[in-house]
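Biologist: I would like to learn how to read a structural model feature by feature. Could we take the features in turn, with the general idea before the particular case?

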Amino acid sequence: MKNVALITGSSRGIGAAAAQLLAENGWSVCVNCIERDDLARELCDKLRAAGHEAMYYKADVADREAVAAMVRAVERELGYVTLLVNNAGVARQQQFQDIDAATWKRLFDVNLGGCFNCTQAVLPHMLHEHAGSIVNVSSIWGQHGASCEVTYSSTKHAIIGLTRSLAAELAPSGIRVNCVAPGVIDTEMVQVLGQETLDMLAGEIPLGRLGRPEEIAAAIAYLACDATYATGQVLTLDGGFVN
């Protein structure tokens, strides 16, 4: 079976690093984005120039019809999806009493709804083949919670519940579902915190630094390709930040 990976939210950060690593390991990859299609195109051009098979598709994972169209496009151009990496996510820092209904809904629609939409879209072929791998991206804040991150933490906690429940349901069909829970990773999402806060966080991490997107990508690839007896697992990568 041809190895085809769909990585959501992969024009930059962890998703881009995962697309790069998987391509280097022989996977055909679809880079998904919602805004930065310029970066998605640039990444695909880079991968193709290196001899890898890659495409990009602009779609909001919160939109079921857009997700279905994306998966059909991947099947036409690359083949059936055998690995889904549910990485797309948005965050918002604010106190709980200031969260409006639109913000609450949008974060759940993207972070959790995106997992729901994309998984349902690729699952029929995986079920038919009795094979496939799904890796969801949660967060240490989904495991432990975080002040002023109630909405984000709630969505990421739900992703862990989805992972463990779906893993139990799909295991008899030969489909593995796992999850990574990154700590503070040096991406654009955390840069909004400001350098002073990032330096303070780095000082609180036993390894003494922020994580790198490539380190999370390596864990995703491990769960997807090498950990063939692992399902329903949550792999925490936080430099020892939360014990």
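Biologist: Where is the place of H130?

Modeller: The place of H130 is in the loop between α4 and β5, where helices (DSSP runs of H or I, at least four residues) and strands (runs of E, at least two) are numbered from the N terminus. Before going further, note that this is a predicted model, in which local features need pLDDT of at least 70 and side-chain atom pairs count only at pLDDT 80 or more, while totals for chains, interfaces and linings use all residues. Residues are numbered from 1 along each chain as its sequence is written, and side-chain values use heavy atoms, with hydrogens and water left out.

Biologist: How many disulfides does a search of the whole structure find?

Modeller: A disulfide is a pair of cysteine sulfur atoms within 2.5 Å, and the search of the whole structure finds zero. C44 is in no disulfide, the nearest cysteine sulfur being that of C30, 7.3 Å away; C44 is buried, with a relative accessible area of 0%. The sulfur of C118 lies 7.6 Å from the closest cysteine sulfur, in C115, which is too far for a bond, and C118 is likewise buried at 0%.

Biologist: How many aromatic pairs does the count come to?

Modeller: Rings of Phe, Tyr and Trp (its six-membered ring) pair if their centres lie within 6.5 Å, and planes under 30 degrees apart count as stacked, over 60 as edge-to-face and the rest as tilted. By this rule there are two aromatic pairs. In one, W104 and F108 have ring centres 5.0 Å apart and planes at 40°, so the pair is tilted. These two residues are four apart in helix α4, separated by about one helical turn; W104 is partly exposed at 34%, and F108 is partly exposed at 21%. W141 and F241 form an edge-to-face pair, 6.0 Å centre to centre with 80° between the planes. W141 lies in helix α5 (residues 140-144) and F241 in the segment after β7 (234-237), so the pair ties together parts that are 100 residues apart in sequence.

Biologist: How many residues line the largest pocket, and which lie nearest its centre?

Modeller: Rolling a probe the size of a water molecule over the atoms shows where empty space is left. On a 1 Å grid over the protein atoms alone, a pocket is an open set of points where a 1.4 Å probe fits, with protein on both sides within 12 Å along at least five of seven lines, and lining residues have an atom within 4 Å of a point. The largest pocket is lined by 45 residues, of which G89, V90, A91, T187 and M189 lie nearest its centre. Elements that give two or more residues to this lining include α1 (13-24), β2 (28-33) and α4 (101-129).

Terms used. Buried means under 20% relative accessible area, exposed over 50%, partly exposed in between (1.4 Å probe, protein chains only).
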